[in-house]
Amino acid sequence: MNSNIKCLVLLSTYNGEHYIKEQIYSILQQDDVDVKIIIRDDGSKDKTVDIIRAIEDNRIELHAEENIGCIPSFSWLVNYASTHYSDYEYFAFSDQDDYWIENKLAKGIEAIATLPSDQPNLYFCNMALVDGNLKFVNNMRNHDIDIRLGNTWLGGRAAGCTMVFNRKLVKMYARHNPSFCYHDYWAYLIAMYFGQIVYDPIPYIKYRQHEFNVLGAHGLVSKKAKNEQRLHYWFSSNKAGKRNRQCAAEFLTVYGKDLPQVKRKIILTYIRYHSSIVDFCNFVTSSQFDSDEPERKCFKGKILFFLRALLGKY
């Protein structure tokens, strides 16, 4: 790959002093890509800003700002990239505590470089779950992902730290700052409904799980803890499902007029599935909506999918 290809990495930090230095160096050491990192610190109260400032590298641009939260902070970065870096074609999100394999960005750029640049395209890869010392535990996913317009709404398919995307996606994202969706989910939706998504089952990131995680895969919890999480999921309120439907409604409001009728109908089927018996039946019988775990095609999967839908868990 041409080393003159540029990629702008968007990194939001918050009290990340434990691992931020290692994360930044793994980004700066990417092969075959001209990298620049835009960091917005979201009002850290620890030594995060001091650690970043101590790294003497002109490829880092730091903005130490007030605390506004994860979603607005990343939206700020996207808007800033859209208006200040018009000469960059490729972009990536970064967390503050992972470790990137040296060809992570190059693989992502290679995967979407041949796709039409007038549509929002996005690449994401698998993740190697590691502990606080980067010791391998397992891979996040051991299979390909069934990417469909409908099942996009039933749970996150891609982590922002694994993504590489193009300028068209940045420009479309910058039209509206999401209120309910995380930055990576919003970017994924834009690519899903207007462009193309490429999934790579090979992990090019060490996804660190530790006691300081803001968000994580929870891949290192005990069997007892996992059982407690399952019980909490089934018998707790459906706030996550409600939030997802709010996200879908917001997405439809912002981009719906640019979507063909068939795609708008898929989103409306999801938003309205608890409105009436007819809407519920349309949702649970549609081939566009599927369940990942276990697979819906088996009997157990179908029953769990129906129950989750009935309880508003999607």
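A helix here is a DSSP run of H or I with at least four residues, numbered from the N terminus. I start with that because my first entry counts lining residues by helix. I note too that the model is predicted.

I looked up the second largest pocket. Its volume is about 260 Å³. I then asked which elements give two or more residues to its lining. They are helix H9 (261–271) and helix H10 (277–285). H9 gives the most, with five residues. I read through the lining residues, among them Val262, Lys265, Ile266, Leu268 and Thr269. Arg272, Asp279, Asn282, Ser286, Gln288 and Phe289 also line this pocket.

**Entry: strand S9**

Next I checked which strands pair with S9. Strand S5, residues 99–100, pairs with strand S9, residues 196–208, in the antiparallel sense. Two bridges hold that pairing in my notes. Trp100 stands opposite Ile205 of S9. Strand S6, residues 121–130, runs parallel to S9, and nine bridges join them. I picked out Asn126, whose bridge partner in S9 is Pro203.

**Entry: a nonpolar patch**

I found a nonpolar patch of about 580 Å². Phe299, Ile303, Phe306, Leu307, Leu310 and Leu311 make it. I followed up Leu311, which lies in the segment after helix H11 (299–310).

Key
Residues are numbered from 1 along each chain as its sequence is written. This is a predicted model: local features need pLDDT of at least 70, side-chain atom pairs count only at pLDDT 80 or more; totals for chains, interfaces and linings use all residues. Side-chain values use heavy atoms; hydrogens and water are left out. Patches are made of residues with over 30% relative accessible area and no salt bridge: like charges are joined within 9 Å, nonpolar side chains (Val, Leu, Ile, Met, Phe, Trp, Tyr) within 5 Å. Accessible areas come from the Shrake-Rupley method with a 1.4 Å probe; for residues, only the protein chains shown count as cover. A salt bridge is a side-chain nitrogen of Lys or Arg within 4 Å of a carboxyl oxygen of Asp or Glu. Two strands pair if DSSP finds at least two bridges between them. On a 1 Å grid over the protein atoms alone, a cavity is a set of points where a 1.4 Å probe fits but cannot get out, and a pocket is an open set with protein on both sides within 12 Å along at least five of seven lines; lining residues have an atom within 4 Å of a point. Grid points are joined across faces, edges and corners, and a volume is the space filled by probe spheres set on the points.
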